[in-house]
Amino acid sequence: MDLKTRDPKAAAAFFESALGWTVEIDQGSWRRATVIRVGEHHIGGLSDVTAAVYPPGTPPHIACYLAVDDVDARIAAAVEAGARLLVAPFDAGDDGRIATLIDPFGAAASLWQRQTPQRGWTHPRATRAAPRRLQHLSADPPAAAEFYRRFLGMSDPDTDFAGIAGRNTVPGWRLIVAVDSVTEVQRRAGGSPGGTGQMGPANDRGAVVDLTAPDGLTFAIES
């Protein structure tokens, strides 16, 4: 994942306070990229959408990267099936090959052909304050699940597809983070400048809380 914001300093302060994440410059990166860690585990990055590499007006968002075996082939198949190409495949140095699309259901997703298996989330799924799973929100969850299975090769049991009927939201990928105490994290989030939290729908894992970080970055937590 990559937290893309117009105010990296405020976003870093929020996530460090609410979730205990460490946000730092990766000294070993040729790009001197800003990375996010939970303990020794690398879980994502933090980017400034006002930088020249982004088109003017790019909105703040949490970008989710889905690992695939062949970016070019998967993009071609997805576009043939109704997806819209947003960023054509390109080589991102030693990070691998990346492309971005809008799926037929209105959700943006980046496909990532990793150069090495070590890239990406490396933490055990039980690690607290780390990403636990992704949830795809759309008006047609069964069709969305079939699209990702058939054309993008997705079979991750920790990814689920949910509807948006009755919810004040738009299609997209939702990041869900595991925490020890939903109440405590919600309190810390609400006490941070620009941060808010509200209860979302419950599922078989328990209550889910939707949080908003500064600059409108939205994600969810669950215990």
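So, strands S3 and S4: S4 covers residues 41-48, and the two are joined by five bridges and run antiparallel. Before I go on, please keep in mind that this is a predicted model. S3 and S4 make a hairpin, with two residues between them. Have a look at Gly-39 in that turn, where phi is positive, at about 60°.

S3 also has a partner in S2, residues 22-25, and those two pair in the antiparallel sense through four bridges. Thr-22 has Arg-37 as its bridge partner in S3, and Arg-37 in turn has His-42 as its bridge partner in S4. And is S3 mostly covered or mostly open? Mostly covered: four of the five residues in this strand, 34-38, are buried.

Let's move to another sheet feature. Four strands make up an open sheet, ordered S6-S9-S8-S7, with mixed pairing. Which strands stand at the edges? They are S6, residues 65-67, and S7, residues 84-91; each has a single partner strand, so one side of each has no neighbour in the sheet. From one strand to the next, the twist averages 20°.

If you zoom in on S6 and S9, you'll find them running parallel, joined by three bridges. Leu-66 is a handy landmark, standing opposite Leu-111 in S9. Packed on this sheet is helix H2, residues 71-80, which touches S7, S8 and S9. The direction of H2 makes about 10° with that of S8, the strand at 97-102.

Now for the core. The largest nonpolar core has 47 residues, and those touching the most other members are Leu-3, Phe-15, Leu-19, Trp-21, Trp-173, Phe-219 and Ile-221. Where does the largest share of this core come from? From helix H1, residues 8-19, which supplies six residues.

Setting aside neighbours within four places in sequence, its contacts include Phe-14, Phe-15 and Leu-19. Also among them are Ile-62, Leu-175, Val-177 and Val-209, and Asp-210 is on the list too.

Last stop, Ala-126. You'll find this residue in the loop between S9, residues 108-113, and S10, residues 131-138. Is Ala-126 buried or exposed? Ala-126 has a relative accessible area of 64%, which means it is exposed. Ala-126 also sits 9.5 Å from Val-179, C-alpha to C-alpha, although 53 residues separate the pair in sequence.

Terms used:
Residues numbered from 1 in each chain as written. Predicted model: local features only at pLDDT ≥ 70, side-chain atom pairs only at ≥ 80, totals over all residues. Heavy atoms only, no water. Buried < 20%, exposed > 50% of the residue type's maximum accessible area, 1.4 Å probe, protein only. Pairing = 2+ DSSP bridges. Axes fitted to C-alpha atoms, helices over the stretch in contact; angles between N-to-C directions. Contact = heavy atoms within 4.5 Å. Core = buried A, V, L, I, M, F, W, Y, C linked by side-chain atoms within 4.5 Å.
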